[in-house]
Protein chains: 2
Amino acid sequence: MSDKKDSTRDTTHMQEALALAKEAFDCNEVPIGAVVVDANGVIIGRGYNQVEGRNTQCAHAEITAIMQANDQRGDWRLDDCTLYVTLEPCSMCYSLIRLSRIQTLIFGASSPRFGYQLDNVATSSVYKNDVRVVSGVCAAQAEHLLKRFFQMQRIKKGEYKSGSQKN
Amino acid sequence: MSDKKDSTRDTTHMQEALALAKEAFDCNEVPIGAVVVDANGVIIGRGYNQVEGRNTQCAHAEITAIMQANDQRGDWRLDDCTLYVTLEPCSMCYSLIRLSRIQTLIFGASSPRFGYQLDNVATSSVYKNDVRVVSGVCAAQAEHLLKRFFQMQRIKKGEYKSGSQKN
């Protein structure tokens, strides 16, 4: 029963993260979204990928969501919080999640080329607390959005090429 | 001759990073400073650790310096740049350095407990370019500042304990 409740809650929060990923998609950014949720189930941080629009790799979805949560709480410690993100975080974001002492990380799609699991950072003894990791929540929706984005990018590239050939 | 020139230039830029570390010290933050230098030797980003003051782990010296460089250049790519930092970066900052395609990383003191070299992140195949790493530049000054800071913290803690005993 508790598992079912957890799963419904996780799906609800991941849908919020997916809505943010769609905002990234609409801005022509790789569609990734993230929310930070506190112990009461309240969203205290939201972010979507804006690397190209804001000209910095510090505009990953997780970083924006965590910084907003830090601001709201007035603390860098997010011990009781859960981070929901539509795609497996990279090593930078995973390290930030650990440094911010986030209790639970829940992600959607796996990222076999850029995910933190490629690195030993996952098992590093640097961090003061453990992080519980749940993967695959609403993964199909996250994957679909990512595939659609990259497909669109390839089409745009193709159009550009055929356009240049005409000149 | 070129090596000597490199070394003089590296010392000059590291002294700027050390001056920023001193600003952190004066704000009662772990004294770490960083600068981003472009191909012409011009500093385009400056940062010092402000994790406690700004309530976020995103206020590491390297992150602030890189974000400032991104702003100044209007680009997340810092291919021709060198990052000078007084202490070996953590995995989060090292990952950001790689994601930002910084060409050369020069650090002062080593960080055997928190440095990126603890993790495999250093050898990860995720990143598109290599990073040249030079360590130990002005290391003694960086170590001295860090030692003085932690010594002061221990003294403060001692005073606090003896103060509470009196109450």
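1. Putting chain B and chain A together buries about 2500 Å², with carbon and sulfur atoms giving 65% of that (buried area being the accessible area, 1.4 Å probe, that two parts lose on being put together, summed over both). The contact draws on 31 residues from chain B and 30 residues from chain A, where contact means heavy atoms within 4.5 Å.

2. A word on ground rules: this is a predicted model, where local features need pLDDT of at least 70 and side-chain atom pairs count only at pLDDT 80 or more, while totals for chains, interfaces and linings use all residues. Residues are numbered from 1 along each chain as its sequence is written, chains are lettered from A and ligands numbered from 1 in the order in which they are written, and side-chain values use heavy atoms, with hydrogens and water left out.

3. Now the salt bridges (a side-chain nitrogen of Lys or Arg within 4 Å of a carboxyl oxygen of Asp or Glu). The count between chain B and chain A is two. In one bridge, A:Glu52 pairs with B:Arg77, the closest N and O atoms being 3.9 Å apart. B:Arg77 also bridges to B:Asp75, here at 2.6 Å between the closest N and O atoms. Through shared partners, A:Glu52, B:Asp75 and B:Arg77 form one network.

4. How exposed is that pair in chain B? B:Asp75 is partly exposed at 21% relative accessibility, and B:Arg77 is partly exposed at 28%. (Buried means under 20% relative accessible area, exposed over 50%, partly exposed in between; 1.4 Å probe, protein chains only.)

5. Chain A has a salt bridge between A:Asp75 and A:Arg77, with closest N and O atoms 2.6 Å apart. A:Arg9 and A:Asp10 also meet in a salt bridge, at 3.5 Å from N to O. Of these two, A:Arg9 is partly exposed at 38%, whereas A:Asp10 is buried at 9%.

6. Strand 1 of chain B runs antiparallel to strand 2 (residues 43-48), joined by five bridges, and antiparallel to strand 3 (residues 82-87), joined by four. (Strands pair if DSSP finds at least two bridges between them.) B:Val36 has B:Gly45 as its bridge partner in strand 2, and B:Ala34 stands opposite B:Val85 in strand 3.

Terms used
Helix = DSSP H or I, 4+ residues; strand = E, 2+ residues; numbered from the N terminus.
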